[in-house]
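Hi,

Here is the structure I promised you.

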Amino acid sequence: MAPASARLLAAAVTAGHRRVALRRVQVRAPVSASLSFPPRHPAPFRGRASLACPAAASLSVPSGGSPPASVPFDLLPPDSDPFIEWDPPPGDSADSPLAAAGGAAGGTTLVVLLGWLGARQKHLRRYADLYRERGVGAVRFVVPVRELVGLDLGRRVELRVADLSEEIAAWCDADRRRTLLFHTFSNTGWLAYGAVLENLQSRADLTERIRGCIVDSAPVLEIRPEVWAAGFSAAMLKKSSSTTGPTAESLDGPIVNGTLNKVTSNVTQPSWGECFLLSTLQKFFEIVLYVPDVNKRLRRTLSVLSEKQPSCPQFYLYSSADRVIPAECVESFMDSQRSLGRSVFAHNFVSSPHVDHYRSFPHVYSAKIDEFLKICSTIKVS
């Protein structure tokens with residue numbers, strides 16, 4: 001993207017706000033988990049898996065002071081927010097639905113929470129608390145938008161995912177009874193899951209210990225520039241994005257037939273600035289996603305996710321009102337997984353926005369997680 005186009009893009013998304021400049025931030029070294037684990041995994045991985053997320057790769061960030069609170073998006077979250085953060089399992093996890101599963105009696109379970117693009121650790125902490133109440137510890141992984149503001153086309157993110165893969169492997173190696181769950185959010189978290197699987201391909205003893213995978217607001221298997229544009233626009237605009245606005249009225253209470261949804265016509269329309277941003281990002285991705293190196297890395301990860309997932313159950317949480325990830329794409333991928341003999345479960349929340357199902361329907365969401373954990377508890381591991 002030319003510098004002139006970048007300036008037009010910045011002007012559009014800050015429409016109605018006075019001009020400001022974003023401060024430059026130094027890129028830090030990879031962040032390790034705070035808990036004490038073996039420093040390195042003894043067996044080498046097959047290489048660093050790809051997570052090609054190249055948005056804004058050519059967007060120049062001007063120097064200057066810090067933006068005021070009125071700026072509608074923040075590409076540069078505070079440096080204090082780590083990429084990887086551990087929430088150790090409760091001291092007594094005997095009540096965990098997974099504690100008595102065949103082949104892993106007495107072992108603990110860790111859920112790997114892979115956040116959406118732009119998610120903060122505080123956002124994933126609520127999900128970690130949900131699992132901790134059920135006797136399951138968590139490791140949280142986030143991908144800040146600022147990690148993708150550069151010319152490396154996602155390679156810094158690959159290094160972060162490789163660090164996470166090593167820490168997961170070290171945790172599992174400390175006790176052969178330990179097992180894993182994965183809970184991913186949006187296409188970014190789902191692609192991160194694929195990259196972790198790719199990193200662990202040489203460790204069948206670890207992938208066999210994956211009990212299940214929950215996929216929230218994903219996936220889109222095809223390389224579709226308009227979907228990538230919508231995702232990055234939502235990450236940049238955050239609450240100012242029309243994708244996070246009310247598309248329906250959400251009610252939460254006693255469960256009736258497994259769902260609680262009341263659809264209304266109160267749809268939030270995008271502003272002209274958001275429309276311009278979406279259009280510009282889509283044109284950008286129509287070029288960048290087909291750069292040979294980026295396309296090759298991305299297709300390799302998508303191949304793992306479509307053809308080489310573990311045999312554990314898969315659970316898809318999605319919504320017909322999602323304006324980033326089309327519901328038909330999720331349903332198409334589920335059908336393809338069923339055709340491969342996978343155990344696939346799903347719940348359509350109908351009216352909740354992208355990655356907002358838990359906040360919109362906390363009771364239903366929690367109940368569905370409980371149901372899936374009971375299913376996973378029947379899975380035998382070696």
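**What I found**

Helices (H or I, at least four residues) and strands (E, at least two) are DSSP runs, numbered from the N terminus.

Before you go on: this is a predicted model, where local features need pLDDT of at least 70 and side-chain atom pairs count only at pLDDT 80 or more, while totals for chains, interfaces and linings use all residues. Residues are numbered from 1 along each chain as its sequence is written, and side-chain values use heavy atoms, leaving out hydrogens and water.

Back to α2: Gln121, Leu124, Tyr127, Ala128, Leu130 and Tyr131 are buried there (under 20% relative accessible area, 1.4 Å probe, protein chains only). Seen down the axis of α2, its buried residues fall within an arc of 165 degrees, so they line one face of the helix. The arc is taken from the directions from the helix axis to the C-beta atoms.

Next, the cores. The largest nonpolar core has 65 residues, and Leu164, Leu180 and Phe182 touch the most other members. Such a core is a set of buried Ala, Val, Leu, Ile, Met, Phe, Trp, Tyr and Cys residues joined through side-chain atoms within 4.5 Å. Helix α6 (residues 225-237) gives this core its largest share, 9 residues. A second, separate core of 27 residues includes Val136, Val142, Ile214 and Phe349.

Finally, β8, helix α9 (residues 327-339) and β9 form a β-α-β unit that is right-handed (strands pointing away from the viewer, the path from the first strand over the helix to the second runs clockwise).

Cheers

Conventions:
Buried means under 20% relative accessible area, exposed over 50%, partly exposed in between (1.4 Å probe, protein chains only).
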